[in-house]
Amino acid sequence: MGLYSIVYVSTATVPFWDEEVAELLEKSRSKNDGLGLTGMLLFKGGQFMQVLEGPESAVRSLIATISKDPRHEDVRTLWEEPIEQRQFPAWTMGYRGLTDQAIQAIPGYSDFFDATPGASSVWATESRSRWLLDWFRTNRA
Ligand SMILES: Cc1cc2nc3c(=O)[nH]c(=O)nc-3n(C[C@H](O)[C@H](O)[C@H](O)COP(=O)(O)O)c2cc1C
């Protein structure tokens, strides 16, 4: 079966401080490693955006599990598609916790952000989230 990628956004229902994030990542990374899944998780102002990529059946079944996780709600798929190759091959789950300051420090981002006023979250639109993910992929901390 081919590779598949799903990107979704969601809203946290519980506080995610360093400890909660670390616990989530530890579990996710070991499970993703076993399933051949890779990706990236962004968190800002109580909102998640995650890209998950890998064998289609594994991606779909994990997304089904994640969607039922009570630690977040309003899980909304931004896009999903078959992919030729992974965007995050080395990351069992990359993570970036973001602040307004960090976002504003991304060159060119403020223009991009201002161009689509009124969106409920920083990454609520497909083009914006594709752009952001791409930026984090190529500018590793
Ligand atoms: C925002 C968010 C992202 C998550 N990402 C992953 C992930 O990449 N991999 C994973 O295994 N679990 C992830 N989880 C956790 C799953 O919802 C679920 O708790 C976990 O996979 C359960 O594993 P278990 O049934 O083996 O205990 C995520 C949860 C949230 C709230």
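I count rings of Phe, Tyr and Trp (its six-membered ring) as a pair if their centres lie within 6.5 Å; planes under 30 degrees apart are stacked, over 60 edge-to-face, and the rest tilted. The model is predicted, so I take local features only at pLDDT of at least 70 and side-chain atom pairs only at pLDDT 80 or more, while totals for chains, interfaces and linings use all residues. Residues are numbered from 1 along each chain as its sequence is written, and side-chain values use heavy atoms, with hydrogens and water left out.

**Aromatic rings**

I looked up the ring pairs and found five. Phe43 and Phe48 are both buried (under 20% relative accessible area; exposed is over 50%, partly exposed in between; 1.4 Å probe, protein chains only). Ring pairs join Phe16, Phe43 and Phe48 in a cluster. Phe88 and Trp91 also make a tilted pair, 5.5 Å centre to centre with 35 degrees between the planes. Both Phe88 and Trp91 are buried.

**Nonpolar cores**

Next I checked the cores (sets of buried Ala, Val, Leu, Ile, Met, Phe, Trp, Tyr and Cys residues joined through side-chain atoms within 4.5 Å). The largest has 19 residues, and Phe16, Leu37, Leu41, Phe48, Leu52, Val59 and Ile63 have the most contacts inside it. E1, H1, strand E2 (38-44), E3 and H2 each give two or more residues to this core. Helices (H or I, at least four residues) and strands (E, at least two) are DSSP runs, numbered from the N terminus. H2 provides the largest share of this core, five residues. A second, separate core has 16 residues, among them Val7, Met49, Leu98 and Ile106.

**Ser5**

Where does Ser5 sit? I find Ser5 in strand E1 (residues 3-12). Ser5 is buried, at a relative accessible area of 5%. Leaving aside neighbours within four places in sequence, Ser5 is in contact (heavy atoms within 4.5 Å) with residues including Leu52, Trp79 and Ile83. I then looked up Leu52, which touches Ser5, Asn32, Val59 and Met93, among others, not counting residues up to four places away in sequence.
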